[in-house]
Amino acid sequence: MVLHLFFFVVVIPQISTDAHWSQEGMVVAGSIEDSGEGSSGHSDENNSRLCRGVLYRGRRHGQCEEDDIQQVETIIAATNRLASPHGLVIDDENQTIIIADRSNDRIIEWKIGDTNGQVVAGGKGKGYGLNQLNSPTDVLIDKETNSLIICNYGSRQVVRWLRRAGTRRGEILIADIACWGLAIDDHRNLYVSDIDNHRVLRYSLEDIRNGTVVAGGNGLSDDLSSLYNPTYLCVDQQQAVYVSDTENNRIVKWNKDAQEGVCVAGDELEGSSPNQLSHPGGIFVDTLGTLYVADTQNGRIMRWPQNKPQGTTIVGNGDPLHSPIGLSFDQDGNLYVTHSQGVQRFDIE
């Protein structure tokens with residue numbers, strides 16, 4: 001069963017809670033370099049620093065040096081390569097993957113089956129111009145306006161780029177926000193994580209001037225009324241917001257108008273047990289309420305059924321992934337994961 005949940009291109013599959021996925025991922029965009037000299041010309045140590053450091057901004061882990069990032073930008077600029085891809089979205093209607101190619105400062109669209117992508121936003125070098133992006137971390141499709149909404153993290157902006165030929169620049173929707181992750185609901189509300197202020201804000205796309213705090217905003221803490229470096233988001237049909245509370249090593253669900261969240265995955269203590277997470281990244285909730293988590297520093301993708309005290313590893317069990325960050329599903333339930341320098345698809349069995 002497939003539920004067309006929003007006005008947008010987002011299609012949420014209903015996936016059986018005992019579904020299994022192939023453990024051999026197919027590279028569908030970029031490349032996957034696990035060891036040795038990567039496609040950037042850097043050693044694996046530097047690739048790991050780039051992938052992990054930029055996700056967590058160095059608060060507990062070393063942040064990447066600017067010159068490291070610039071070198072990767074210079075070397076990995078071709079449209080058949082990616083550099084530290086982060087958030088992604090699957091466009092089932094057009095059979096494409098749209099990827100926040102963070103260290104190349106661009107959004108790239110990849111037709112499934114092709115060996116090259118097409119730059120659809122940015123790609124003009126790191127900068128603050130309206131024709132440029134600066135370390136984008138997430139992207140969504142707004143079908144209502146036929147546009148992409150992008151977390152332009154390095155410029156502290158949420159921007160919109162139209163999806164039509166000849167578009168050369170974007171427009172600023174929200175300024176002066178340390179945005180990292182995005183979500184959207186069926187009432188045209190946009191949810192944005194603000195990692196500097198440890199909160200999530202909701203904006204109406206019909207009138208985006210003012211945001212409302214819907215999660216956190218009470219300083220950084222492990223208390224359930226607070227968040228600590230919230231990154232990726234998703235929202236369900238009841239407008240409950242799921243937050244990847246990254247530095248607290250947990251996923252927290254904030255019901256609409258709630259004053260505090262409920263921990264639905266992880267237990268605040270960093271670890272690799274079935275009830276623990278280590279700096280989680282992308283998240284996804286299906287129509288059954290089952291939560292899927294990119295457990296970044298444990299190198300695995302976890303499934304967490306609703307109201308269960310622990311999760312199970314669906315990909316990366318015994319053969320860890322290389323710092324998975326973003327994840328998404330297509331309408332058939334196939335899993336897509338960004339990590340290292342590419343995107344892999346794990347087919348549902």
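Residues are described here as buried when their relative accessible area is under 20%, as exposed when it is over 50%, and as partly exposed in between (1.4 Å probe, protein chains only). The model is predicted, so that local features need pLDDT of at least 70 and side-chain atom pairs count only at pLDDT 80 or more, while totals for chains, interfaces and linings use all residues. Residues are numbered from 1 along each chain as its sequence is written, and side-chain values use heavy atoms, with hydrogens and water left out.

Strands are DSSP runs of E with at least two residues, numbered from the N terminus, and two of them pair if DSSP finds at least two bridges between them. In a regular strand the side chains alternate between the two faces of the sheet. In strand 13 (residues 189-194), six of six residues are buried, with Asn189, Tyr191 and Ser193 on one side and Leu190, Val192 and Asp194 on the other.

Strand 13 runs antiparallel to strand 12 (residues 179-184), to which four bridges join it, and Asp194 is the bridge partner of Cys179. These two strands form a hairpin with four residues between them, in whose turn Arg188 has a positive phi of about 60°. Strand 13 also pairs in the antiparallel sense with strand 14 (residues 199-204), over six bridges, and here Asp194 stands opposite Arg199. The hairpin of strand 13 and strand 14 likewise has four residues between the strands, and His198 takes a positive phi near 55°.
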